[in-house]
Amino acid sequence: MKTLRNLALWFDDRLHLTKLFEETAGHPVPKNAGSWFYVFGSATLLCLVVQIVTGICLALVYVPSGGEAYTTLWYLTLNQDLGWFLRALHNWGSNFMVCIMMLHMTQVFLWGAYKYPREMTWISGCALLVITLGLAFTGQVLRFDEDAYWGLGIGASILARTPFLGDKLVHLMLGGPIIAADTLSRFFSLHVFVLPGLILALVGFHLRLVLLKGINEYPKPGVQVRRKTYDAEYHAILEKDGVPFVPKAISKDLVAAGIVLIGIFACAAIFGPKGPTGPPTAMQIDSVPRPDAPFMWIFAVAALLPDYLEDVVILGGPVLLGIFLVALPFISNEGEKSWRRRPIAVVTVIFLYLAIGLLTRFGYTSPWSPDMNAWTSASIGKEYLEGRTPLELAGASLLQVKQCRNCHAIGGVGGHRGPDLGDVGARMTAPQLARQIIQGGGNMPAYGKNLTPSEVSALVAYMVTLHSKGVPPARDSTVPATPPPSNQQQPKEAKISVSPPRVSLR
Amino acid sequence: MSEGKPPTQPEEGDKSSRRDFLLKLGVGLNIAAGAMVGIPVVGYVFSSFIKKPELQWIDLGKVNSFPEEETKLAKYKNPLHRPWDGETADIPCWVRRLKGESFQVFAINCAHLGCPVRWFSESKLFLCPCHGGVYYQDGSRAAGPPPRGLFEYETKVEGGQLWIKGGVLPTLANNP
């Protein structure tokens, strides 16, 4: 026993372990910082550890070669023992890391921890966010499948919009003029060497600052931070209410860590790994590329912006956001910390969460994208065909064959790029429909050159019949209205009243 | 720089000036050596930044393999491909033969954000699956977010073969 004790003392003397402990894990923190709201930082770090361990495991099998990466992904998923699970852990670990990091950032923002004297802690945290998103994007490319291929195409197309340097930046990103093996090698180096190295260095810096400037005390509403007095006040809090982080304040972090680990494990086990989808080649032209979850909202922004704003927002947005995040601790350096007295901060967070949440949802549903297979696969309800004349039925068939359904749903079935045609007869008159089909407009292509006059007539004859029972068909407001029919079986009459449109095709 | 500065002793004037000299020499030597090592590294990483890629003529196949008045998918090998490129070396493009030897060859990449556009022969439109860009059969923009029409390759017919000039990823900054 004595020998053991001596041995321990020897190591302590040579390695200064006690001192190291006191200065790091055992450093004093305000007692009230042992809060459930303060667990997200350590939980993010835990995710990083999961990513490093699983990432090293994946690198044991994965071959970062343009010709072989895709095959090794399938090998990992299907043949390598537990390969699918390691892939799933790495994928879900990444999702958890981004989410928990966002929660950590939100908490730090709402609890005013970015204010004096922790400005650099906040800024280094923002840099960590950027690197983490960089890791998420480069990781998505290493899953070298069709989504990765087109994801690179989208990334390059965004970079190409940079004024003056666009072309050069694209070549720098792709490692050449075109997406090829060098592109993958480049992203492999970034994902496996450069970004992990940077993130570890920055995490070290971030934690060092946490030790230097202390954990933010749980803010009390009404207590103001003042540059002149804060250091002394914080010191007094530590004197009066300070406890060593280990073992007195770590319990909730430990519980949270356990929950996060179980969460990653459960998601990996239940939902499995993501992809790989089709092979990484441009020949995969029936691809419907979608980015990974952290970038889905940006994908949605790119669809919803008017084109004159697109370059400005896509390129300027991140720069402005970066400037704002770095400037934040200097804009509001002092004053109230508690979110209970900072309504604008609370509203900002709610707005951002709603915006990103809704955009992400839109990204997954992509109502702006044509449904590429609707013209062959979308069914048409009985009520939209029953009782039609042969000419109208010919129109219905044209609507299908001419691929109108890729953009237009009927009764909710089909693409959602354009308006649902299920009730178009109640909204537009025959001449209006003919004009719209022939000339297009309002984001619809013109079909005048692709349809014969008789095809247009058939289409219009069918479309004016599309309105719900009891809803009268649209009528020309310059023509006096006919008195409404007394019985409710009016649609049939209405159909008869619409003469086959006389469309002049110039 | 470091906390433990070497004690300068004013009485040993010549010794201190030798230390100063050595320090300056050391710093200078390292700047020079750093540049010697650093410049090639930067040049290596950024070589694609400096070098202007040259487009090359690529054979797309016999003219008669493309029916008149039709638009067909064709494929070519990236002219700069290497053995380890795998499937990424295969690049598709849409070939539209008008009449005789008049061709239009479009890049597969949407002018908006580069997704693969698909040809729909019945409606004679190219549709993009990402953000709903639409183009007419002649490549001009029909609807959606693209800021311009489809990217078009330079073409020529020589020896009964159709040739296009390609070799870069078509984007708004650089297109064939």
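Reader: What makes V456(A), S457(A), A458(A), L459(A), V460(A), A461(A), Y462(A) and M463(A) count as buried in α20(A)?
Author: A residue is called buried if 20 or more other C-beta atoms lie within 10 Å of its own, exposed if 12 or fewer, and partly exposed in between, with C-beta atoms placed from the backbone. V456(A), S457(A), A458(A), L459(A), V460(A), A461(A), Y462(A) and M463(A) are buried by that rule. This is a predicted model, in which local features need pLDDT of at least 70, side-chain atom pairs count only at pLDDT 80 or more, and totals for chains, interfaces and linings use all residues. Residues are numbered from 1 along each chain as its sequence is written, while chains are lettered from A and ligands numbered from 1 in the order in which they are written.

Reader: Why is helix α20 of chain A called mostly covered?
Author: Helix α20 spans residues 453-463 of chain A, and eight of its 11 residues are buried. Helices (H or I, at least four residues) and strands (E, at least two) are DSSP runs, numbered from the N terminus.

Reader: Against which elements do the buried residues of α20(A) pack?
Author: They pack against α17 (390-401), α18 (424-427) and α19 (430-439) of chain A. Two residues are in contact if their C-beta atoms, placed from the backbone, lie within 7 Å.

Reader: How does the radius of gyration of chain A stand against that of a compact globule?
Author: The radius is taken over C-alpha atoms, and the globule rule is 2.2 Å times the number of residues to the power 0.38. For 506 residues the rule gives a value near 23 Å, but chain A has 31 Å. Its C-alpha atoms fill a box of roughly 105 × 60 × 50 Å along the principal axes. Of the 506 residues, 37% count as buried.

Reader: What does the same rule give for chain B?
Author: A compact globule of 176 residues would be near 16 Å, whereas chain B has 29 Å. The C-alpha trace of chain B spans about 95 × 40 × 25 Å along its principal axes. The domain assignment, which is automatic or from a database, gives domain 1 (13-47) and domain 2 (56-166) in chain B. The C-alpha centres of these domains of chain B lie 53 Å apart.

Reader: Why is strand β4 of chain B described as largely enclosed?
Author: Four of the five residues of β4(B) (residues 103-107) are buried, so the strand is largely enclosed by the rest of the structure.

Reader: How do you know that β3(B) and β4(B) pair?
Author: Two strands pair if DSSP finds at least two bridges between them. Five bridges join β3(B) to β4(B), which run antiparallel, and F103(B) in β4(B) is the bridge partner of R97(B). Their hairpin has five residues between the strands, and G100(B) there takes a positive phi near 60°. Two bridges also join β4(B) to strand β9 (residues 152-158) of chain B, again antiparallel; E152(B) in β9(B) is the bridge partner of F106(B).
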